[in-house]
Amino acid sequence: MALRHLTSLSPVTLCSLRRRFTHRPFSLSVSASMASSFCKALVPIAHGTEPMEAVITVDVLRRAGADVTVASVEKQLQVDACHGVKIVADALISDCADTGFDLISLSGGMPGAATLRDCGILESMVKMHAADGQLYAAICAAPAVALGSWGLLKGLKATCYPSFMEQLASTATTVESRVQQDGKVVTSRGPGTAMEFSVSLVEQLYGKEKADEVSGPLVMRSNLEDKFIMAELNPMDWKCDNPQILVPIANGTEEMEAVIIIDVLRRAKAKVVVASVEDKLEIVASRKVKLVADVLLDEAVKHSYDLVVLPGGLGGAKAFACSEKLVNLLKKQRESNKPYGAICASPALVLGPHGLLKGKKATAFPAMCSQLSDQSEVENRVLVDGNLITSRGPGTSMEFALAIVEKFFGYGKAQELAKVMLFSSQ
């Protein structure tokens with residue numbers, strides 16, 4: 001392959017292409033847009049991995065066109081991440097040992113980060129990867145617990161979750177940036193910075209233009225230091241002891257939205273039931289992350305809930321709309337004046353067509369708002385109208401989940417969680 005045709009590509013992409021075609025005898029002309037799909041990323045996971053950090057990283061990188069492998073460092077593909085989220089990996093780490101990657105990104109969560117640190121195969125892979133000048137990254141506990149322990153932050157500026165900063169200080173120059181890049185390493189602080197972190201990885205792999213292209217549809221906050229704000233019409237009291245919350249999932253569900261909602265609500269100590277509307281517990285989400293539900297919907301609908309809340313994702317929303325049992329449950333929530341909600345595509349594709357927005361103000365994914373009969377309040381990132389809560393997309397999911405926490409547990413609890421997750425500094 002004539003590498004002179006690739007001089008306009010980023011260093012990471014160029015290195016990736018060199019690696020893939022070094023031993024191939026034929027010539028191939030590759031444009032910059034085609035080359036972007038050749039970037040390979042590895043996201044290892046373990047029992048106790050923070051699911052928001054892992055899933056957001058995978059989702060955002062795949063949106064950019066990266067070939068992402070989710071690898072379990074456990075003996076089996078399914079891992080039990082923090083807060084009861086079950087993720088099925090694409091491969092075992094041993095299956096990836098001889099594969100070259102353009103990026104290896106470590107998620108936090110404990111004991112997940114410690115398990116990553118103690119995985120000899122992964123340690124060898126990351127050290128060789130770093131020695132080859134490739135991009136590597138870590139978030140939350142992982143910069144201090146894994147990268148620092150492996151000696152891969154020496155002489156570099158790095159950040160991590162606040163409670164690990166003292167440990168990090170012994171192996172790196174600590175900074176309190178939400179996302180920190182120094183050379184070929186990118187570090188970040190926690191769940192609330194995971195989306196920024198992931199977009200920064202896209203920029204390192206593909207450039208700013210691609211990062212902007214990916215971040216736009218995420219509906220991220222314009223000021224990342226802002227605290228979350230919800231708009232509320234026709235206020236009503238949602239508070240109750242030990243709220244029971246149903247989160248349906250389906251093939252094509254937006255995985256960031258689902259996992260953020262589940263994770264945040266379980267942090268608040270709500271009883272969250274994740275129900276598959278498919279005929280099996282495992283679903284394949286919109287960016288091919290494999291999640292495992294707690295129960296099938298057939299079982300879930302036998303019980304009552306203080307809130308039924310739908311994540312988005314085009315395929316998932318269509319599956320929800322076609323589920324007679326789920327639609328009937330939502331109608332019962334509305335008739336009983338009990339809370340229900342949806343985010344992204346689901347307000348427009350599920351609630352609207354089934355009459356569940358009648359007399360209500362709602363918002364949805366920007367491209368779907370034209371399908372809402374009342375568009376007067378669609379610019380709100382999170383909108384509560386009595387017993388209905390709606391929101392816009394992946395980048396508003398944290399605010400959406402925190403607004404639900406506020407409605408059930410109070411403003412103080414929501415602000416406490418926002419601060420713990422590094423979503424808000426206030």
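Which helix gives the most residues to the lining of the largest cavity? Helix H8 does, with three residues; its place is shown in the legend on the cavity below.

The model is predicted, so local features need pLDDT of at least 70 and side-chain atom pairs count only at pLDDT 80 or more, while totals for chains, interfaces and linings use all residues. Residues are numbered from 1 along each chain as its sequence is written, and side-chain values use heavy atoms, with hydrogens and water left out.

**Figure 1. Overview of the protein chain.** The secondary structure consists of 16 helices and 21 strands; helices (H or I, at least four residues) and strands (E, at least two) are DSSP runs, numbered from the N terminus. Of the 426 residues, 59% are buried, where buried means under 20% relative accessible area, exposed over 50%, and partly exposed in between (1.4 Å probe, protein chains only). Contact stands for heavy atoms within 4.5 Å. Among contacts between residues at least 6 apart in sequence, 69% join residues at least 24 apart.

**Figure 2. The largest nonpolar core, around Leu147.** A nonpolar core is a set of buried Ala, Val, Leu, Ile, Met, Phe, Trp, Tyr and Cys residues joined through side-chain atoms within 4.5 Å. The largest such core holds 119 residues, and Leu106, Leu122, Leu147 and Val264 touch the most other members. Beyond its neighbours within four places in sequence, Leu147 is in contact with residues including Leu106, Val126, Tyr136, Leu152 and Val185. A second, separate core has 33 residues, among them Ala319, Val350, Cys369 and Val378.

Figure 3. The whole structure has four cavities of 30 Å³ or more. On a 1 Å grid over the protein atoms alone, a cavity is a set of points where a 1.4 Å probe fits but cannot get out, and lining residues have an atom within 4 Å of a point. Grid points are joined across faces, edges and corners, and a volume is the space filled by probe spheres set on the points. The largest cavity has a volume of about 130 Å³. Its lining has 16 residues, of which Gly192, Met195, Gly395, Met398 and Phe423 are the closest to the centre. Helix H8 (194-206) and H15 each supply at least two residues of this lining.

Figure 4. A salt bridge is a side-chain nitrogen of Lys or Arg within 4 Å of a carboxyl oxygen of Asp or Glu, and the whole structure has 21 of them. Asp59 pairs with Arg63 in a salt bridge, with the closest N and O atoms 2.7 Å apart. These two residues are four apart in helix H3 (residues 51-63), and are therefore separated by about one helical turn. Asp59 is buried at 0% relative accessibility, whereas Arg63 is partly exposed at 22%. Arg63 also forms a salt bridge with Glu254, the closest N and O atoms being 3.0 Å apart. Glu254 lies in the loop between strand S13 (244-249) and helix H10 (255-267) and Arg63 in helix H3, so this pair ties together parts 191 residues apart in sequence. Glu254 is buried, at 2% relative accessibility.

**Figure 5. The pair Arg62 and Asp90.** The closest N and O atoms of this salt bridge are 3.0 Å apart. Arg62 is in helix H3 and Asp90 in the loop between strand S4 (86-88) and strand S5 (91-92), 28 residues apart, and the pair links distant parts of the chain. Arg62 is buried, with a relative accessible area of 18%, and Asp90 is partly exposed at 30%.

**Figure 6. Glu406, a buried charge in helix H15.** Glu406 is found in helix H15 (residues 397-409). The residue is buried yet has no salt bridge, and the nearest side chain of opposite charge, Lys407, is 7.4 Å away. Lys and Arg count as positive and Asp and Glu as negative, while His and the chain ends are not counted. Not counting residues up to four places away in sequence, Glu406 touches Phe228, Met230, Lys239, Tyr411 and Ala414.

**Figure 7. Lys331 in helix H13.** Lys331 is found in helix H13 (residues 324-335) and is partly exposed, with a relative accessible area of 31%. Leaving out residues up to four places away in sequence, Lys331 touches His354 and Leu356. Lys331 and Leu356 are 25 residues apart in sequence and 6.9 Å apart in space, C-alpha to C-alpha.

Conventions:
1 Å grid on protein atoms, 1.4 Å probe; cavity = no way out; pocket = protein on both sides within 12 Å on 5 of 7 lines; lining within 4 Å.
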